[in-house]
Amino acid sequence: MSKLGKFFKGGGSSKSRAAPSPQEALARLRETEEMLGKKQEYLENRIQRELALAKKHGTQNKRAALQALKRKKRFEKQLTQIDGTLSTIEFQREALENSHTNTEVLRNMGFAAKAMKTVHENMDLNKIDDLMQDITEQQDIAQEISEAFSQRIGLGDDFDEDELMAELEELEQEELNKKMTNVRLPNVPPSSLPAQPDRKRSTPATARGSVPATALSSRRAEEEDDDFKQLAAWAT
């Protein structure tokens, strides 16, 4: 067994020691990452200093230049080791965070499962089936009632459509006659009508003695028609 294995075995021999919580382990890992980050920064600065020192001595003091380069190589090796350690710690921290998240999720899912079990203990599948059947039956009854209300009820309204149309036409004609009766003619101003021009009747000498009755009636109709035209023209 290696010394490293003996060291970790000896360190964990006490069974009475309680295991750290995930939060404590994550805090320790973050502290370690921060410490190694500072060590990285220190090594990078030392590497730059040794490199500058080697350039400074150059060919004038080869021994000092070689010593500076050797220290630079050691620091670079340490820096490489720290990079690997940081990668390992980062992976371990992410794995621990995922494990902690999964544990919390599993715990919450267990609480939810227990709550669902408690709720379902008060439920009977047979009662649920009976309840759903009752609901379906009541819905069917409500649908039948709605259809019954929506049906037309016969109240002796079977009339002849032709008689109804004829009566409607009579009513429309009466309404039209009332409107025509209520139409008012324009008021005629109280002034005397224009004098009727004298008409000289020229009759042949042979017909002066006796004029037929039909000719007289036609002339009167023409004269009345002329008078009505003149009156209409004056009124407009």
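**Lysine 72.** I looked up lysine 72 and placed this residue in helix 3, residues 62-121. Helices here are DSSP runs of H or I with at least four residues, strands are runs of E with at least two, and both are numbered from the N terminus. The model is a predicted one, in which local features need pLDDT of at least 70 and side-chain atom pairs count only at pLDDT 80 or more, while totals for chains, interfaces and linings use all residues. Residues are numbered from 1 along each chain as its sequence is written, and side-chain values use heavy atoms, with hydrogens and water left out.

Is lysine 72 buried or exposed? I noted that lysine 72 is buried, because its relative accessible area is 13% (buried means under 20%, exposed over 50%, partly exposed in between, with a 1.4 Å probe and protein chains only). The side chain of lysine 72 makes a polar contact of 2.6 Å with the side chain of glutamate 76. A polar contact is a pair of N or O atoms within 3.5 Å; within protein, one must be able to donate a hydrogen and the other to accept it, and residues adjacent in sequence count only if both atoms are side-chain atoms.

**The chain.** I then turned to the protein chain, which has 6 helices and 0 strands. Its elements run α-α-α-α-α-α from the N terminus on. Of the 236 residues in the chain, 8% are buried.

**Tyrosine 42.** I found tyrosine 42 in helix 2, residues 22-57. Tyrosine 42 counts as partly exposed because its relative accessibility is 41%. Its side chain makes a polar contact with the side chain of arginine 46, at 2.9 Å. Which distance separates tyrosine 42 and leucine 79 in space? From C-alpha to C-alpha I recorded 9.5 Å, although the two residues are 37 apart in sequence.

**Nonpolar patch.** I next listed a nonpolar surface patch formed by Val119, Met123, Leu125, Ile128, Leu131, Met132 and Ile135, which together have about 660 Å² of accessible area. Patches are made of residues with over 30% relative accessible area and no salt bridge; like charges are joined within 9 Å, and nonpolar side chains (Val, Leu, Ile, Met, Phe, Trp, Tyr) within 5 Å. A salt bridge is a side-chain nitrogen of Lys or Arg within 4 Å of a carboxyl oxygen of Asp or Glu. Accessible areas come from the Shrake-Rupley method with a 1.4 Å probe, and for residues only the protein chains shown count as cover. Helix 4, residues 125-150, gives the largest share of the patch, 5 residues. Methionine 132 lies in helix 4 and counts as partly exposed because its relative accessibility is 46%.
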